[in-house]
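This report describes a structure chain by chain and by the contacts within and between chains. The sequence and coordinates come first.

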Amino acid sequence: MLTFQKGDELAFQELVERNQSRVIGLIYRFISDAADAEDLAQEVFLRIYRARKTYKPTAKFSTWMFRITANVSLNALRSRSNRRDDVSIDQITDFGDGPRAMPDPDSRLPDTDLHQRELQEKVQEAIRALPEKQQVAVILSKYEGLSYADIALTVGCTTMAVKSLLARARDNLKDQLLLYIRTGRGRQRVS
Amino acid sequence: MPSPCQWVRSVLAAWLDGELKVSTAEAVRRHLEQCESCRAHARLLKESWRLLDEMPPAPVRSGFTGRMMARLVEEKELNRLEARLEPRRRRRQVVASVLGLAAGLILGLVLHTWTGLPEKPKSPIEREVSLNVSFLEDADLMDEIAVIEAMDRLMSDNQPDEGV
């Protein structure tokens, strides 16, 4: 970053090369869409490029990068949910009273894939149902393996606050995923 | 004062993440050895956390760096164009401001001329009343004046002569 800050464009290219999978991976954890994740990752790197002159190496570069990534991801999630709220009545075609299309029996997935996909959806829903700060803390802790201190720097709060954020987040996740836990395997839904 | 179970549950997540001081972690471990309910709680927390591993990692397409650098070139080109357009935009803003100011002045002048027309001349009594009797300003002037004059006349007619 410091070399790039001095105006070395090749250093920026190297920075992109070195961090792309982390940034794309992190965004994907928030929004679960590969194409959007790549677009947003480009946005993250552009922000880094634009902010190169104001960047002060007081904290780790990765902390700064994660903060930008989390902000970009949360903004995308917010605008997505706004778009969903803005859906006009003309766009709603399913009023729930007509005959519904039946799934194509030939396109059915094997049971294990179905369970796997269902479980992934549930996990995704559970993470998304968390308040924003808890979401960020969970994703940084679980998927980036960041310590509480590093999460605190990224989110901009104290380590104690992160401790309490993650305690509440993990309680919420436990409640949301309870049905998938009881068997102890996490793959079979208890009915 | 929280019960030992309440306290342990409040720090269980940090204990599972290895974020507690050694002495605190040891106290939690000792409590879990004795408390079946908290052990079950810890198991649920651990297992639900493990379920998050079921989420697949992001599929990263190759060639990202190339696409990123191409976008950067586009961005720089846009910035260059913006910079070139900036003086023209500023000139346009100045012209628009001057035109707006001139239009405002002309409009003000027209309005002033329009509203500044001489009023219909008042009769001498109207003029006197409007100057001296301020509390009648909003009244129906002529009616009020007629009533006052009539009352004055009546009072002076009915007044007994002094010394009679």
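## Packing of H8(A) on H1(B)

Helix H8 (residues 159–176) of chain A packs with H1(B) at an angle of about 100°, their axes lying 9 Å apart. Axes here are lines fitted to C-alpha atoms, for helices over the stretch in contact, and angles run from 0 to 180 degrees between N-to-C directions. H8(A) is therefore roughly perpendicular to H1(B), a term for angles of 65 to 115 degrees. On the H8(A) side the contact is made by Lys163(A), Leu166(A), Ala167(A) and Arg170(A), and on the H1(B) side by Ser10(B), Ala13(B) and Ala14(B). By class, these residues divide into 4 nonpolar, 1 polar and 2 charged.

Two residues are in contact if their C-beta atoms, placed from the backbone, lie within 7 Å. Ala, Val, Leu, Ile, Met, Phe, Trp, Tyr, Cys and Pro count as nonpolar, Asp, Glu, Lys and Arg as charged, and the others, Gly among them, as polar.

## Model and numbering

The model is predicted: local features need pLDDT of at least 70 and side-chain atom pairs count only at pLDDT 80 or more, while totals for chains, interfaces and linings use all residues. Residues are numbered from 1 along each chain as its sequence is written, and chains are lettered from A and ligands numbered from 1 in the order in which they are written.

## Interface

In total, 27 residues of chain B are in contact with 33 residues of chain A. Helix H1 (4–16), helix H3 (36–51) and helix H4 (64–115) of chain B are the elements that give two or more residues to the side touching chain A. That side of chain B has 16 nonpolar, 3 polar and 8 charged residues.

## The two chains

Chain A has 9 helices and 0 strands, and chain B has 6 helices and 0 strands. Helices (H or I, at least four residues) and strands (E, at least two) are DSSP runs, numbered from the N terminus.

Of the 191 residues of chain A, 30% count as buried; for the 164 residues of chain B the figure is 9%. A residue is buried if 20 or more other C-beta atoms, placed from the backbone, lie within 10 Å of its own. Among contacts between residues at least 6 apart in sequence, 59% in chain A join residues at least 24 apart; in chain B, 40% do.

Helix H2 (residues 9–31) of chain A has a kink of about 55° centred on Asn19(A). The bend at a residue is the angle between axes fitted to the seven residues ending there and the seven starting there. Asn19(A) is also one of the buried residues of H2(A), which include Phe12(A), Leu15(A), Ile27(A) and Tyr28(A). After H2(A) comes Ser32(A), with a positive phi near 55°.

Leu40(A) lies in helix H3 (residues 34–50) of chain A. Leu40(A) counts as buried because it has 22 C-beta neighbours inside 10 Å. Leaving out residues up to four places away in sequence, Leu40(A) touches Ile27(A), Val72(A), Ser73(A) and Ala76(A).

## Confidence

For chain A the mean pLDDT (the predictor's confidence in each residue, from 0 to 100) is 80, and 76% of residues reach 70 or more. Residues 87–106 of chain A stay under 50, with 1 contact beyond four places in sequence. Residues 184–191 of chain A are also below 50, with 15 contacts beyond near neighbours in sequence. Where pLDDT is low, the predicted coordinates should not be read in detail.

How values were computed. A residue is buried if 20 or more other C-beta atoms lie within 10 Å of its own, exposed if 12 or fewer, and partly exposed in between; C-beta atoms are placed from the backbone. Angles under 35 degrees count as roughly parallel, over 145 as roughly antiparallel, 65 to 115 as roughly perpendicular and the rest as oblique.
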